[in-house]
Protein chains: 2
Amino acid sequence: MNWKLTLTYDGTDFHGWQVQPGLTTVQGTLAATLRTLVGEKVLPQASGRTDAGVHALGQVVSFALETNIPRENLHRALNQALPPSIRVITTEPVGDDFHARHAARQKTYEYRIFERRRDGEEQVCSPFLAPYVWNCRWPLVYLEAMSEAAKDIVGRHDFTSFGASDPDMATREDGDGVNPVKTIESSAFARERDLLVYRVTGSGFLHHMVRNLVGTFVDIGRGAMAADCVPKILAAKDRTAAGPTAPPSGLFLHSVRYL
Amino acid sequence: MNWKLTLTYDGTDFHGWQVQPGLTTVQGTLAATLRTLVGEKVLPQASGRTDAGVHALGQVVSFALETNIPRENLHRALNQALPPSIRVITTEPVGDDFHARHAARQKTYEYRIFERRRDGEEQVCSPFLAPYVWNCRWPLVYLEAMSEAAKDIVGRHDFTSFGASDPDMATREDGDGVNPVKTIESSAFARERDLLVYRVTGSGFLHHMVRNLVGTFVDIGRGAMAADCVPKILAAKDRTAAGPTAPPSGLFLHSVRYL
């Protein structure tokens, strides 16, 4: 039986999604748990990798098991056996041809920013919030420009400038192949209580792409980059044209859409 | 100059407040940070110890420094040098006779319970919530009885039955001396979104007292102990009469009141 799971995880203590020898990863933990539960050695496939420290609200994974196990039992057994930092939200049997990565049509990411200095006041970032935000030291005084710049990526573009700079990383796919042309459906900032939240939905994302976008938008917000720089950065097709990579702690894979 | 700080900390990764050789504690981390910042070896005193895994929203500590340092500078330097899991909310110079433990008149604790089975439905405890709650496996069907039992401790009582069972621990003070007679001003449960929150305010608390109270209330809520057991437990003056110790993850030192 082929299975589709929706997972949420706190990435703080994981070395990312993908199995790495000697390191605790989400994929490795899930594989080890499945092996213990059903005695099968399977490597679950995710909609895309998440890096060390990146969180998931709705990561989708798939794997096939030979053992016949009722849906409810698999769901309950996984949540009993997995550490509290990984939870299975839904467990569904799916057709044999379903593959969490190949079948993914659209993803939404969320990036949470805490402004340490806001409206001229020093803010204390709660220790309970710190692992889930970018505790940003700069006052983001050009918030309107950030919001406008976020809209500049909507549409179909070559995102080479916002891909990972390391050549090894640049060719690494984030689950969407190495084609740097992606279609962004929405890209916007919103103030939500103490946080500035960026949400982006698109056909796919290059490795580090969301964090490089946020790093660039924050540079615009603090006045270190021009308000209209995004179209130029896209045109340059050069990683060095964009801003720095925002830290992983603020990033959440929000959801994955399938047909 | 004598200083009074209000701290908030995420206790997950600390072996409690009190300095212990070879272990990371809040007191040890604060002392090491002060030593680095001002070159003085001081041991900050808290309103009371918190155990490993217990959190603080408003812990109060005091210490004296010989170095003359402006309030704003000390405050900012501490928040820059401390790990993100400890934040200084307020920094105030106080009279030489102020001592965070001796001067404490009243404390409020909060205990957060997540009900894994609620109204017959299996609930998934978010990985982002798990370190800050008791992920309770029992359905708390006698919630009304729990709420009534919580009221039974209001007033002046001998709390020996709710103190730590280990004789070593029982004589350990939680910052309030070993007198087992305490005055509880309020003690109540409230439903707050996904959580069941217990709040208790009193003149002082024995070691493990809040967790032993919550363990007993939960036993009442799941039907394992009688609704009217609390007065009998208090009268017994015997730790074995009460319920089990609730896990540390759900406990928060909320605030400390001084005259």
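The contact takes 20 residues from chain B and 20 residues from chain A, where contact means heavy atoms within 4.5 Å. This is a predicted model, in which local features need pLDDT of at least 70 and side-chain atom pairs count only at pLDDT 80 or more, while totals for chains, interfaces and linings use all residues. Residues are numbered from 1 along each chain as its sequence is written, chains are lettered from A and ligands numbered from 1 in the order in which they are written, and side-chain values use heavy atoms, with hydrogens and water left out.

Between them, chain B and chain A bury about 1400 Å², 70% of it on carbon and sulfur atoms; buried area is the accessible area (1.4 Å probe) that two parts lose on being put together, summed over both. Of the area that chain B buries against chain A, 43% comes from B:Val124, B:Pro127 and B:Phe128, more than from any other three residues.

Between chain B and chain A there are zero salt bridges, a salt bridge being a side-chain nitrogen of Lys or Arg within 4 Å of a carboxyl oxygen of Asp or Glu. On the side of chain B that touches chain A, the elements giving two or more residues are β1 (2-9), β3 (55-64) and β4 (86-94) of chain B, strands being DSSP runs of E of at least two residues and helices runs of H or I of at least four, numbered from the N terminus.

How are the two copies arranged? Chain B is superposed on chain A by a rotation of 180 degrees with 0.0 Å of shift along its axis (RMSD 0.0 Å), by least squares on the C-alpha atoms of residues with pLDDT of at least 70 in both. The two copies are therefore related as by a two-fold rotation axis. In chain B, the C-alpha nearest this axis belongs to B:Phe128, at 4.7 Å from it.

Over all chains, the whole structure holds 22 salt bridges. In one of them A:Arg211 pairs with A:Asp51, with the closest N and O atoms 3.5 Å apart. This pair links distant parts of the chain, 160 residues apart, since A:Arg211 lies in helix α5 (residues 209-221) of chain A and A:Asp51 in the loop between β2 (45-46) and β3 (55-64) of chain A.
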